[in-house]
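Have the viewer open and follow along.

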Amino acid sequence: MKKFQLIIIALLLLAPLSLVAQKAKHKGGACCATKETAANEKSTFSLGDMKDIPNVQLTNQYGQDVEFFDLIEGKVVALNFIFTSCKTICPPMGANFVQLQTLMKDRVESSELVMLTVSIDPQTDTPERLKAWSEKFETEVDWTLLTGDKNDINTLLKKLEVYTALKEEHAPVILLGKEGGENWVRTNGLANPNELAKTLNGFFEPKNDTRTGSTSNPDEMYFTNVELMNQHGENMRLYADLMKDKVVIVNPFFTECTGVCPIMSATLEKIQEHLGDKMGDEVHIISLTVDYETDQQEELEAYSKIYHAEKGWYFMTGAKENIEFALHKFGKKVENREGHDSVFLVGNVKTKLWKKVNGLANVDEIIAEVDSVIADSLE
Amino acid sequence: MQHRQSIALLLVLLFVLMGASGPVLLSQLTKQQLAGKDVYSKGIGVSEVKITAQMSGVSVPATVMACVNCHNADGSGNPEGGITPSNITWKELTKNYGGQLQNQRKRPAYTERTLRNAISTGMDPAGNELHSAMPRYEMSREDMDNLISYLKVLGNSGEKGVTDETLQIGVALPEKTNSPNDKSESLRQLVNAYIKELNNGGGIYNRKVSVQFFTEASAVDENELFMIVGEGSSDMEKAINQAQIPSLLSHSQKRTTQGFKNPYAFYVYPSWVGQSTSLLQFSKEKGMLSKGTTLTVLYEDIPSKKGVVDELFSHCKKHYGIEPTLIPMGSNDITEISQEIGDKDIVLYLGAPNLGNTLLKQLELNDKHPFILVPGSITGIDLYNVPDSFKNKVFVGFPTWPSERTPDAKKKYETLKAKYVLPNSWKASQWEMLSQLVTAEEILKRTGRNLYQEKVKENFETLFQYANGLSPALSYDLNRRVGSNLMYIIGFDSAKSQIKLITTLNSPEN
């Protein structure tokens, strides 16, 4: 070997020379110029349609391929931007983000909220680097960190209007919003996490949540927007979809009930006829099953056809805890299905006038009561 | 004059040969300051209770937010994204006319007591709140004491192997042999000559450089070394990362570990595996290697090569769908092996350097003429003495080539050689070592008088197409640990009866 090396050297000492010019990669100097306006001012913007981002294929910290749009579709989103070799502002941003996650834990666990961290230095930040970086914060909340092809990441950053040519110039920005929604918030990612949580909470539609809905309407807070399903298989929120601004007639029933139910339903059919065009627009009839196990959508649909139910008459079922919760709110919750009553609750949600009417009474008497509730006004 | 220098050189040599441990520099820091340095640069204390950092109501382990992140190893402050951490060297903090904070507010000079207060409650000596980007730390009394003692000397380096007058560098050499042309000895002489010249010229920013030669990985930790150059190995890499000493090594044997898992060991060339796979890639491009090809890897049965062979096996399977036959080869096995190899096969030769030509002769006797691929920095074959029938069948890959050398660089070497009477043996390796020394000197100079190991590492990571006139241009970044991917493929030009450069390609490593 030695000999060989010597021979080669001897031969090539005379070979043409090439010397690549030395360019020290620029660092330092322009590093970290500030974008304080972006960081410190809270501003709102419209994200536009994220679906039109072409092929933004990213990789999460576990090395799995993910599509950005799939991650955020239909969700409230908190999005921040880091690179793992950024030392001064990124660890504090990470800490803030983790705290925000802890505050929003329920929303993250119910998949209503997705918390994403995007690397702005995807060439350096391999999945394993991102994973190690996130693990330093010792959090247990689900958190997705993203890297990917540099072009894909840049496309995304430009779309989100957070792109900077030099990664060192990046500002501690956090974006909060809802996919498809208009008023996204761009704010300082180092801000107090409690404030960030407040902003985030504003993006949730009150939905399927009995406690933390962001409403100040006492009725809505009482009835909540627990999610039920009607005879057409559509999900309806108790307050927002079934009750808001309406006059409602609420009764308990179940499809296999052969005693009082057929009488009540026949009566309701007549009331529906009487109300005509008001049905759906002004008045909802809400028949709540007390046997959610039997009464699935098909049963309700078949049953509703017997009584020619039309627009505005809903036969409702739902997940055990949801339908039971709704029955409970109307005082109709029973231990066994046969124990339900035959009282119609007639309420004007706007004026808060509520009447209890015997569902087995004469139809005309009931109609009179219903009309009086409809006629009630705030003046 | 000449005479005195030789004596000096001799003395240095003697010293190194006799005293295995050599001149050990004691760290300038006291035990307490060293403990404080751990708090400062890692967020780790000596107490059981972990140190935590609080920021806008959020509490995280201090390991996420060590002081060094924001204030730098020298206390100078690392501005980023609109946040400007203060210079917190003792001198700055205690100026009797006070200082100024990020928002232009003035504050009085710090005392030890007000400094503790600032770190734990975020209040400056005037009782005003520091910017919220400065975390508030919760730590034991003892950890705080240690930290304060370190802050008092922050900015005065205090790094391993550095004093005001000296800088100690480790040079990793191959094992010494009894051969009169010992490689280790040749390199040692070159290094001593280079360092002597350097010190005669004033050293590096007025520090004289001293050298600690070693071969065993264990020496990395036992000595106070600021930086290391020389030959690498997996053990060495591990020790280097443990001790966090920025190092420039020639190449690793197994596939090079990227920066994430290997922050401190920078390699000049692709690993043995990378060099070998480059040759395979070449043979594929030239149509020698295809899916049905029988590929045999002949190797010297020593641990370093065994590991390489295993990685090569999985590489071939994955990239070419070929399972190569792996055969260990000693001098007694040649006859048998040459019978097993087919005329159309490819042989990747990782055997002993002195057996390559014997193997070819034996193959010729058996009328077998497979292609022979030889990674030149792992083993060797004397191209001038291969049998005629193999002249166009042997390809040698090198990660560097004399054409890289500029006239200035050549002059530099020749001057050293003449002045210090350097041996004629192992010249290519001497060039290699010279190249490493030049690069190391450049990096140290870029780092400045205020030397920090972390800064040296970062300076390596900003090298981009750095050419020192001796070897191919080097580029590193946070992940990249192979400076040059280039491979030169050499063959024999039978018409002209001389060696020729066939092509260059980029090693798939990195």
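In this predicted model, helix α13 of chain A (residues 297-306) has A:Leu300, A:Tyr303 and A:Ser304 as its buried residues. These residues lie on the same side of α13(A), because they cover an arc of only 100 degrees around the axis.

What covers the buried residues of α13(A)? The cover includes the strands β9 (227-229), β11 (247-253) and β13 (313-316) of chain A, along with helix α11 (261-275) of chain A. Just after α13(A) comes A:His308, with a positive phi of about 50 degrees.

Now for a strand of chain A. Strand β4 of chain A (residues 76-82) is largely enclosed by the rest of the structure, because seven of its seven residues are buried. In a regular strand the side chains alternate between the two faces of the sheet. For β4(A), one side carries A:Val76, A:Ala78, A:Asn80 and A:Ile82, the other A:Val77, A:Leu79 and A:Phe81, and both faces are covered.

Which strands does β4(A) pair with, and in what sense? With strand β5 of chain A (residues 113-119) the pairing is parallel, over seven bridges. With strand β7 of chain A (residues 173-178) β4(A) runs antiparallel, joined by five bridges. Two opposite positions are handy places to look: A:Ala78 faces A:Met115 in β5(A), while A:Leu79 stands opposite A:Leu175 in β7(A).

Finally, let us step back to chain B as a whole. Chain B holds 16 helices and 17 strands. Its C-alpha atoms fill a box of roughly 90 × 60 × 40 Å along the principal axes. Some totals for the chain are gathered here.

| Property of chain B | Value |
|---|---|
| Buried share of the 510 residues | 57% |
| Share of contacts (separation of 6 or more) made by residues 24 or more positions apart | 62% |
| Accessible surface | about 21300 Å² |
| Part of that surface belonging to carbon and sulfur atoms | 51% |

How far apart are the mean positions of the positive and negative charges of chain B? For the 54 positive and 53 negative charges, these mean positions are 5 Å apart.

Conventions. Residues numbered from 1 in each chain as written. Chains lettered and ligands numbered in written order. Predicted model: local features only at pLDDT ≥ 70, side-chain atom pairs only at ≥ 80, totals over all residues. Heavy atoms only, no water. Helix = DSSP H or I, 4+ residues; strand = E, 2+ residues; numbered from the N terminus. Buried < 20%, exposed > 50% of the residue type's maximum accessible area, 1.4 Å probe, protein only. Contact = heavy atoms within 4.5 Å. Areas by Shrake-Rupley, 256 points an atom, 1.4 Å probe, with all protein chains shown as cover. Lys, Arg positive; Asp, Glu negative; His and termini not counted. Charge placed at Lys NZ, Arg CZ, Asp CG, Glu CD. Pairing = 2+ DSSP bridges. Arc of directions from axis to C-beta.
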